[in-house]
Amino acid sequence: MSKSISTKSPLISAIISGILSLVIFATLRFYAHWFNTSQINTLFGGYLFSWMFILSLTCVSNAETLVFGADFQAKLVPEILLCLTMTASAAGVVHRVCATTSIFFSLVGLYFINRISSKYYNSPVVVEDLPLRKSGKKNK
């Protein structure tokens, strides 16, 4: 039997987010002179680079889900810091202030991604009450 790929497949998501991340970097690198014209353009460049961070983190996380299983989660130290460093250095090639603002916008985006993820993927903990012992009897 052939294995079909559903629309919610981590493979499809990893490929699409990786391609979009590269497209954003190539576009911003190609129009780097535009981000040097005014301060608002530089801030906008940092915002666009934060989308590159979100897409690269999605790509890395979905690739790890494919390799390590569905229960694997992205952690702060290897995945998030790697993607944040990669994004800041790519933004630094375009403009130094783009790098600084991209870190800020990326952390804000990471906060909201964490909120959405915890809302949809964390299952509530069910607490069961144990029956109480009657005070007059001993259990043997």
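So, Phe25: you'll find that residue in helix α1, residues 10–30; helices here are DSSP runs of H or I with at least four residues, numbered from the N terminus. Keep in mind this is a predicted model, where local features need pLDDT of at least 70, side-chain atom pairs count only at pLDDT 80 or more, and totals for chains, interfaces and linings use all residues. Residues are numbered from 1 along each chain as its sequence is written, and side-chain values use heavy atoms, with hydrogens and water left out.

Back to Phe25. Its relative accessibility is 27%, so Phe25 counts as partly exposed, meaning between buried (under 20% relative accessible area) and exposed (over 50%), with a 1.4 Å probe and protein chains only. And what does Phe25 touch, leaving aside neighbours within four places in sequence? Phe49, Met52 and Ala90, where contact means heavy atoms within 4.5 Å. Thr87 sits 62 residues away from Phe25 in sequence, but 9.0 Å away in space, C-alpha to C-alpha.

Thr87 also shows up in the meeting of α3 with α4: among the α3 residues there are Ile80, Leu84 and Thr87, and the α4 side includes Cys98, Ser102 and Leu110.

Key: Helices (H or I, at least four residues) and strands (E, at least two) are DSSP runs, numbered from the N terminus.
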